Amino acid sequence: MDLQLAGRRILITGASSGIGLATATMLAHEGARLALCARDEERLRAAIAEIAEVADVVTATCDVTDRASVDTFVGTAVDHFGGLDGVVCNAGRSLMRTLDETTDEEIRDEFDLKIFGALNVVRAARKALADSDAAAVVIVNAILSRQPERQLAVTAAARAGLLNLSRSLAADLADDGIRVNSVLLGLIDTGQWQRRYVSSGTDVTFGAWSAEIAADRGIALGRFGTADELAFPVTTLLSPRNSYMTGAALEVGGGVHRYV
């Protein structure tokens with residue numbers, strides 16, 4: 001099926017690895033033109049070397065919590081492409097701490113990253129998106145926003161705020177013809193989990209280690225997801241074929257949810 005993404009101008013934050021990189025790769029093969037940012041531009045350029053061979057790509061260093069940095073990045077993308085058709089707010093991380101283990105500064109940093117990491121980008125891109133005939137924003141969030149966990153208490157709270165904000169943005173931007181949807185991820189095999197595996201000091205394989213965690217978390221499919229499995233729903237939400245979908249939160253978690 002043609003997703004009608006050829007020539008579409010898409011901006012992605014946190015694009016140097018994981019879901020951001022997988023989404024960029026998928027979009028490139030759909031013929032999209034890409035503006036990609038990360039905190040380390042050198043690492044980003046190395047990661048997207050193959051993408052740059054098949055797609056028109058702009059890269060930049062960008063701190064999504066710094067509005068001036070975001071404005072500069074978005075401005076560069078708009079100048080290069082002549083506009084924007086889509087935005088993927090993907091920059092993020094998880095803080096694996098209980099409330100008692102988390103400092104006030106870390107709490108503020110989590111909310112700053114989750115809320116302003118999306119809001120700064122949407123604000124900066126809004127005018128350009130409003131000029132598109134098929135504008136879409138996809139916010140990468142987590143099922144954690146709906147079912148908090150003790151070891152991720154602050155991250156869960158920040159993600160819940162982001163989910164609420166995403167619904168508000170969908171209503172607010174509808175007048176400009178901009179769709180806003182969320183993808184809620186479960187446990188995904190990304191660099192964060194690979195680092196936790198290494199630091200665990202276990203003798204078992206990553207597959208066995210992650211399967212044990214998946215069973216403990218109640219994931220019906222019994223495994224972690226992959227970045228590619230998240231990239232596909234993100235890509236389809238950007239497609240003009242999805243033109244009547246906004247304000248939705250699509251769960252991609254292998255059946256991990258514990259609520260109706």
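Trainee: What makes α5 and α6 roughly parallel to each other?

Mentor: The model is a predicted one, and within it α5 and helix α6 (residues 153-173) pack at an angle of about 20°, with their axes 8 Å apart. Angles under 35 degrees count as roughly parallel, and α5 and α6 are therefore given that description. The crossing of α5 and α6 is right-handed.

Trainee: Which residues bring α5 and α6 together?

Mentor: From α5 the contact draws on I107, E110, F111, K114, I115, A118, L119, V122 and R126. These meet V154, T155, A157, A158, R159, G161, L162, L165, L169, D172 and L173 of α6. Sorted by class, the contact of α5 with α6 holds 13 nonpolar, 2 polar and 5 charged residues.

Trainee: Why is α4 called roughly parallel to α5?

Mentor: Helix α4 (residues 67-81) packs against helix α5 (residues 104-130) at an angle of about 30°, and their axes are 9 Å apart. Because the limit for roughly parallel is an angle under 35 degrees, α4 is roughly parallel to α5. The crossing of α4 and α5 is right-handed. On the α4 side the contact is made by R67, V70, D71, V74 and V78, and on the α5 side by N120, V121, R123, A124, A125 and A128. By class, the contact of α4 with α5 comprises 7 nonpolar, 1 polar and 3 charged residues.

Trainee: What makes α7 roughly perpendicular to α8?

Mentor: The axes of helix α7 (residues 191-200) and helix α8 (residues 206-217) cross at roughly 105° and come within 11 Å. Since angles of 65 to 115 degrees count as roughly perpendicular, that term applies to α7 and α8. W193, Q194, R196, Y197 and S200 of α7 make the contact with F206, W209, I213 and R217 of α8. The residues of this contact divide into 5 nonpolar, 2 polar and 2 charged.

Trainee: How do you know whether L84 is buried or exposed?

Mentor: The relative accessible area of L84 is 0%. Buried means under 20%, so L84 is buried. L84 lies in the loop between α4 and β4 (86-89). Leaving out residues up to four places away in sequence, L84 touches R9, L11, V74, A77, V78, A125, A128, L129 and S132. The C-alpha atoms of L84 and R9 are separated by 5.0 Å, although these residues are 75 residues apart along the chain.

Trainee: Why does L5 count as buried?

Mentor: L5 has 1% relative accessibility, which is set against the cut-off of under 20%; L5 is therefore buried. The place of L5 is in the segment before β1. Beyond its neighbours within four places in sequence, L5 is in contact with L27, E30, G31, A32, T235, L238, S239 and P240.

Trainee: What makes T61 partly exposed?

Mentor: T61 has 42% relative accessibility. Buried requires under 20% and exposed over 50%, with partly exposed in between, so T61 is partly exposed. T61 is found in strand β3 (residues 57-61). Apart from residues up to four places away in sequence, T61 touches A38, R39, E41 and S69.

Trainee: Why is Q4 given the label partly exposed, and what is the phi of Q4?

Mentor: The relative accessible area of Q4 is 36%. Q4 is found in the segment before β1. Q4 is not a glycine, yet has a positive phi of about 60°. Most residues other than glycine have a negative phi.

Trainee: Which residues touch the most other members of the largest nonpolar core?

Mentor: They are I10, I12, L27, L34, L36, I51 and L238, in a core of 36 residues. The elements that give two or more residues to this core are β1 (9-12), α1 (18-29), β2 (33-38), β5 (135-142), β6 (178-185) and α9 (227-238). The largest share, 6 residues, comes from α9. A second, separate core has 34 residues, including A35, A77, C89 and L165.

How values were computed:
Residues numbered from 1 in each chain as written. Predicted model: local features only at pLDDT ≥ 70, side-chain atom pairs only at ≥ 80, totals over all residues. Heavy atoms only, no water. Core = buried A, V, L, I, M, F, W, Y, C linked by side-chain atoms within 4.5 Å. Buried < 20%, exposed > 50% of the residue type's maximum accessible area, 1.4 Å probe, protein only. Helix = DSSP H or I, 4+ residues; strand = E, 2+ residues; numbered from the N terminus. Axes fitted to C-alpha atoms, helices over the stretch in contact; angles between N-to-C directions. Parallel < 35°, antiparallel > 145°, perpendicular 65-115°, else oblique. Left-handed = near helix turned anticlockwise from the far one by under 90°. Contact = heavy atoms within 4.5 Å. Nonpolar A, V, L, I, M, F, W, Y, C, P; charged D, E, K, R; others polar.
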